[in-house]
Amino acid sequence: MVDESTATLSNVAAEPGASKPDPILAADGVRRSFGGLNAVDVDHLELQRGAITALIGPNGAGKTTLFNVLTGFDRPSAGNWSFAGTELRGMAAHRVARLGMVRTFQLTKALARLTVLENLQLAATNQRGEGMFASLVRPLWRGQENRYRELADELLARFRLDHLREAHAGTLSGGQRKLLELARALMTRPRMLMLDEPMAGVNPALAQSLLEHITSLRDEGMTVCFVEHDMDMVMTTSDWVVCLAEGSVIAEGPPRAIGANPAVIDAYLGKHHDEPSSPEQPS
Amino acid sequence: MDFAAILSAAVTGAIGPVAAAYALAAIGLNIHFGYTGLLNFGQVAFMLVGAYGVAISVSVFGLSLWLGVLVGVLCAIVLALLLGAPTLRLRSDYLAIATIAAGEILRLFYRSSYAEPLTGGVFGLQRFANEFYELNPFPAGEYGIGSITFSNRDLWVMVLGWGLVALATVFVYLLIHSPWGRVIRSIREDENAARSLGKNVYVYKLQSLILGGVIGSFGGMVMVINTQSANPDSFDPVVTFFVYTLLVLGGAGRIAGPLLGAVVFWFVVVFFDALLRQAIAAGYISSDIIGAPQAGAVRFALVGLGLLLLMVFRPQGILGRKEEMVLNGR
Amino acid sequence: MDSGRSGSRRLAIRLLLLLAIGLLSAILPATSAAAQDSEQNTESVGGTIRGPDTEPIPDIQVMVTKNGAPIGEDTTDAEGTWEIPLPEPGSYDVAIDPDSLPDSAVPREQGGERLTDVQITPGQQRIVIFPLVNPNEQSDGDEQQGSTPTPQQTGPSFGQRFADALLSGIEYGSVIAICAVGLSLIFGTTKLINFAHGELVTIGAMVAFFLNAAAAGPGIQLIFAAILAVVAGALLGGLLERGLWRPLRHRGTGRINLFIISIGLSLLLRHVILIIHGSRPGSYTDYNIQEQLEFGPFSAAPRDLSILAIALLTLVGVATMLQRTRIGTAIRAVSDDRDLAETSGIDVSRVVLTVWILGGGLAALGGVLFGLAEVVAWDMGFKLLLLMFAAIILGGLGSAYGAMVGSFAVGIVAHLSTLWFPVELQNAWALLVLIVVLLVRPQGILGRKERVG
């Protein structure tokens, strides 16, 4: 299966907007402008099902804004996109998540005063006890709650967070929070994970285990798209790389090809990496 | 000075019908502020519509008291929808300002001469709870221990008030210790995280606003059934601040916080009130500085000071845990 | 499809609200026919008399007369209630005997012990109330209390009244604007919703009142008293920032906790003012009685024109400062993005201190002008506070210019409403505008749409 997805991608032209054999996400003409500046301006983009796609680009390239738009956390100025055949334009964020496209955040959003276990339990879908009236009648949801607790415990063990089960999420270290957020996203049984800088601020040991988690997820058939700055990670983990600069896709292709792409090198070296005039901070 | 009298006045205040009414309002606010993180600064508006729902139904339309209670609850639901629908998608500041404005709008409309045929204007409405008092099972007389006594009438109102408090507390306990409560608390922590996990945050906030508002409206009903008089000016914005003070005092986001807060708050307030009045009467405090009429204002000033010091030095209240306050990034 | 649904839901919500507003205004004037039909007993009048502490008072004598002739009398029982049967529907006078009142209670207004022309409809058992207050809280009875809409049949033409209301609205708005700009700047730079801003207004007015008109004060001419009041307000603003807010921010106190602390501060200051000043409103000694000047359709006293001129000049001054000076630019930069401003070398804590000093001074000036236009009272600032909030949201949270625009809208709506509705409701209409704006254009008149995530 792994070989299949990488093999199919090997026949795809390494050019912006290239069409994929089995896209799970397809975007057309998605634009988001802030006060005249186009933070995102993507003509066409497809993401292959079952593959790991890395989204790279210099600071302010619009990666996070694109994430926000695609997952319903921001409204685009124009454009259409679909996920697994469903048109998403105008859909509220929680409905996008229920369709199976689940995101994490650049700055982790651990629910500080909930325990680690509760963080995971919260993420389970279709909970009967989440109805206002049903919540008062415990027998209606006790069985389901127990099943989800077992599932959560399995995930905690897999991510080696089980010893922190009853700790408040707010007491976790930055790396542990990243792990928790990933585990929490998985608890929703997503079809596709959108990870916004999953490695930022994570110590090398934890980063290695996060990486392994991500690749093993892909091996189980999950689609993953992540934003990352660390080129080593991009090169070793991803099946396909999309490079954004000034809101547009300037290049895409397999990792090795993208490293040598002149447009990418230009985008990274032609501009200062830490240029403050990022369009993500509208003045 | 008669400290025994001061103390028994304070205890009477702490367990009396007024404390029960405030406890109910605070239980509602606890759902909003303590568990969902909603900044509702118009809890008094829910109390007002509940109180007047009863008063108008009975006094003006001649309905039964129990039907009036239903009307009061419906009014609270409508108010929650009206306030929540436009503001719950916006930043929390907007809800804070919209709710406090709504409270004042309602008070001003209810007290206006324009609304007098319905609300009695500045005079309010009286004697609408006879049906309730006719059911009083306690024979006439005084009940109590030592100098802490209540009339059979007060006792009956206390049974109603604290009975409702107990019911509401159990209700909130069940709600919060359920998956619904987990979603609500996750919204308090970070609503975008909840959204990213597929929770319809807007609907949950609206549900929370309605539930807390309805419980608050019961607080208003107990308040006016106790006095048999609904007057718009007893629903001043300051009432909301009192409710906040006692909620924070007891511990916001704790099940027993509102209950403990109401008892302790009214004990302290009545204690200082009685102490001050006795001190003035006994001449310890010159009436040139603070006369009997100003004693009421001193109560409000002290509550303000108490709220300020509480939030600065012990924002988690009596029942809260310090470490949770540290985690509270807001 | 989904966007269509959420769109139609929003529309439904708006309709619901409009419907509710409509219902509110339709229901209010309607008299209750139901109640009159339900009772077939004979007419009577009654009530419960309660003292300022809301405790019922027994043994008070109540009398009913018609055209001077006694009809009946009663004495309140232990629960404070009384009831007097009446022979027929009509108009009666009801009075309590002031001598039977305890010393601690007097009617809320002078002359309030007698209610004249109480209308009794057939079958009605009417309840009347004698509001009682502590002796020093009695008012003269000529204030806004229970005022009714001005009769429309006589007096100046509608156009004339419209012009008058518009002018007063602009004046009111300009006073709100002076106070609201400071509140908005404080919010912009510190993200604190300063609930105690109303008290800065009251204190400004009170300082000037003490210097100008209080019996114990020096009796300084109002203009000098006002200048001193502004200085005092600015000092108080700076003091609050240095002594309270900055230390709290350094302790890492959360934004919402700070907001609640400001509520506590507001309660404390307001009631300390009440204890010191008392509840009786006061007026400055200067510029009280003036000839009206006519300008085309407008007529105004020189006092009101001066208030308007001072307010407008101040607003222009503040705008110029924000736009043209270094500190003004720094204030705008901090409001835009505090962290960015800090990294680009702006001394944020100095900027915040400046904003507090400015806000305190402006609030004090607003208080003096408001006190001059109306009266100086212990809760004047608190009444203004909600209007300031409305103005700030109307103009777009955190924008100083938005706050100005919003203030004028609030002031004008408040005064124009008096053309059709009772004066006592003018602030309610202004606040209602706030709710409607939240519904239609939540980012405010001048605000930007916010970004999520």
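Predicted model: local features only at pLDDT ≥ 70, side-chain atom pairs only at ≥ 80, totals over all residues.
Two strands count as paired if DSSP finds at least two bridges between them.

E2(C) and E3(C) form a hairpin with two residues between the strands, and in it C:Asn67 takes a positive phi near 50 degrees.

A further group of strands in chain C forms an open sheet of three, in the order E4-E1-E8, with mixed pairing. Its edge strands are E4(C), residues 81-85, and E8(C), each of which pairs on one side only. On average, neighbouring strands in this sheet are turned by 20 degrees against each other, direction ignored. The pairing of E1(C) with E8(C) is parallel and runs over three bridges. In that pair, C:Ser44 stands opposite C:Gln125 in E8(C).

Chain C also touches chain B. The size of an interface is often given as the accessible area lost when the parts come together. For chain C and chain B this area is about 6,300 Å², and 74% of it lies on carbon and sulfur atoms. The contact involves 75 residues of chain C and 66 residues of chain B.

Which residues form the salt bridge between the chains? They are B:Asp93 and C:Arg255, whose closest N and O atoms are 3.1 Å apart. The count of salt bridges between chain C and chain B is one. Across this interface there are also four residue pairs in polar contact, both residues being at pLDDT 80 or more.

Several elements give two or more residues to the side of chain C that touches chain B, including helix H1 (2-27), strand E1 (44-48), strand E8 (125-127) and helix H6 (255-277) of chain C. H6(C) supplies the largest share of that side, 16 residues. Sorted by class, the side of chain C that touches chain B holds 48 nonpolar, 17 polar and 10 charged residues.

Methods
Residues numbered from 1 in each chain as written. Chains lettered and ligands numbered in written order. Heavy atoms only, no water. Helix = DSSP H or I, 4+ residues; strand = E, 2+ residues; numbered from the N terminus. Contact = heavy atoms within 4.5 Å. Buried area = accessible area lost by both parts, 1.4 Å probe. Salt bridge = Lys/Arg side-chain N within 4 Å of Asp/Glu carboxyl O. Polar contact = N/O pair within 3.5 Å; in protein donor to acceptor, adjacent residues only side chain to side chain. Nonpolar A, V, L, I, M, F, W, Y, C, P; charged D, E, K, R; others polar. Axes fitted to C-alpha atoms, helices over the stretch in contact; angles between N-to-C directions.
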